[in-house]
Amino acid sequence: MSAGDANAKKAARKNLIAIACVFGVMAMVGAAFAAVPLYRLFCQVTGFGGTVKQAEAAPTEVLDRTVKIHFDTNVRNLPMTFEAEQTTQTLRIGETGMAYFKVTNTSDQTIHATAAYNVVPDKAGPYFQKLQCFCFEGQEIAPGEEVVFPVQYFVAPEIATDREGRGIKEITLSYTFYPTKGFDPAV
């Protein structure tokens with residue numbers, strides 16, 4: 001083998017390694033951007049980490065056992081008040097409940113915000129399901145405006161029979177309103 005062939009093979013190998021590194025970096029950057037939406041989707045589908053599921057329909061079975069639901073409200077870096085009209089509700093498992101949350105914009109500017117949510121204990125996430133919620137979309141609240149948002153929910157009957165859910169007697173539904181950058185209500 002001549003010195004020229006050896007140098008050509010070495011250069012080709014270096015080019016191949018460089019191309020593999022570039023593709024590796026691109027794959028890692030792509031995975032980093034995809035991680036958050038994929039994790040959010042995973043949590044919504046499985047109820048992992050106390051993430052509440054959105055249900056298509058209420059259950060047909062209502063049990064005699066009850067669960068006490070606590071409502072917690074928080075605001076992150078927004079000039080507004082946010083509170084539940086009731087701090088607790090008790091409903092039968094499988095029964096559809098309705099809760100109302102009042103938001104008041106205390107500033108002289110329009111607020112664009114979204115509410116994030118979760119439940120505690122985390123293991124209640126798969127059983128606490130919403131039929132309607134203001135948290136599924138961004139909100140635009142005019143200066144001084146007061147808005148009442150409904151949440152329609154139920155606790156799935158499986159909580160009474162699944163090993164993970166059997167001991168749950170109380171659930172806290174927690175919301176946090178945070179500013180939404182680049183909010184466009186038309187989208």
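Visitor: By the distance rule, to how many salt bridges does the count come?

Guide: The count comes to 1 salt bridge, a salt bridge being a side-chain nitrogen of Lys or Arg within 4 Å of a carboxyl oxygen of Asp or Glu. This is a predicted model, in which local features need pLDDT of at least 70 and side-chain atom pairs count only at pLDDT 80 or more, while totals for chains, interfaces and linings use all residues. Residues are numbered from 1 along each chain as its sequence is written, and side-chain values use heavy atoms, with hydrogens and water left out.

Visitor: Which residue forms a salt bridge with Lys102?

Guide: The general idea is that side chains of opposite charge can pair when their charged atoms come close. Here Lys102 pairs with Glu83, and their closest N and O atoms are 3.6 Å apart. The bridge links distant parts of the chain, 19 residues apart: Lys102 lies in strand β5 (residues 96-105) and Glu83 in strand β3 (residues 80-84). Helices (H or I, at least four residues) and strands (E, at least two) are DSSP runs, numbered from the N terminus.

Visitor: Is Glu83 buried, exposed or partly exposed?

Guide: Buried means under 20% relative accessible area, exposed over 50%, and partly exposed in between (1.4 Å probe, protein chains only). Glu83 has 40%, so Glu83 is partly exposed. Lys102 is also partly exposed, because its relative accessibility is 24%. Of the 187 residues in the protein chain, buried residues make up 32%.

Visitor: What is the order of elements from the N terminus on?

Guide: The protein chain has 1 helix and 10 strands, and they run α-β-β-β-β-β-β-β-β-β-β.

Visitor: How many aromatic pairs does the structure hold?

Guide: A pair of aromatic rings is described by the distance of the centres and the angle of the planes. Rings of Phe, Tyr and Trp (its six-membered ring) pair if their centres lie within 6.5 Å; planes under 30 degrees apart count as stacked, over 60 as edge-to-face and the rest as tilted. The structure holds 14 such pairs. One of them joins Phe82 and Phe177: the centres are 4.9 Å apart and the planes stand at 80 degrees, so this pair is edge-to-face. Phe82 in strand β3 and Phe177 in strand β10 (residues 170-179) are 95 residues apart. Phe82 counts as buried because its relative accessibility is 8%, and Phe177 is buried at 0%. Ring pairs link a cluster that includes Phe82, Phe177, Tyr117 and Tyr175.

Visitor: What sits over the ring of Tyr117?

Guide: A charge sits over a ring if NZ of Lys or CZ of Arg is within 6 Å of the ring centre and within 35 degrees of the ring normal. For Tyr117 the charged end is that of Lys130, 3.5 Å from the ring centre.

Visitor: Which residues make the nonpolar surface patch?

Guide: Patches are made of residues with over 30% relative accessible area and no salt bridge: like charges are joined within 9 Å, nonpolar side chains (Val, Leu, Ile, Met, Phe, Trp, Tyr) within 5 Å. Areas come from the Shrake-Rupley method with a 1.4 Å probe; for residues, only the protein chains shown count as cover. Ile19, Val22, Phe23 and Met26 make a patch of about 420 Å². Phe23 is in helix α1 (residues 3-46) and counts as exposed, because its relative accessibility is 54%.
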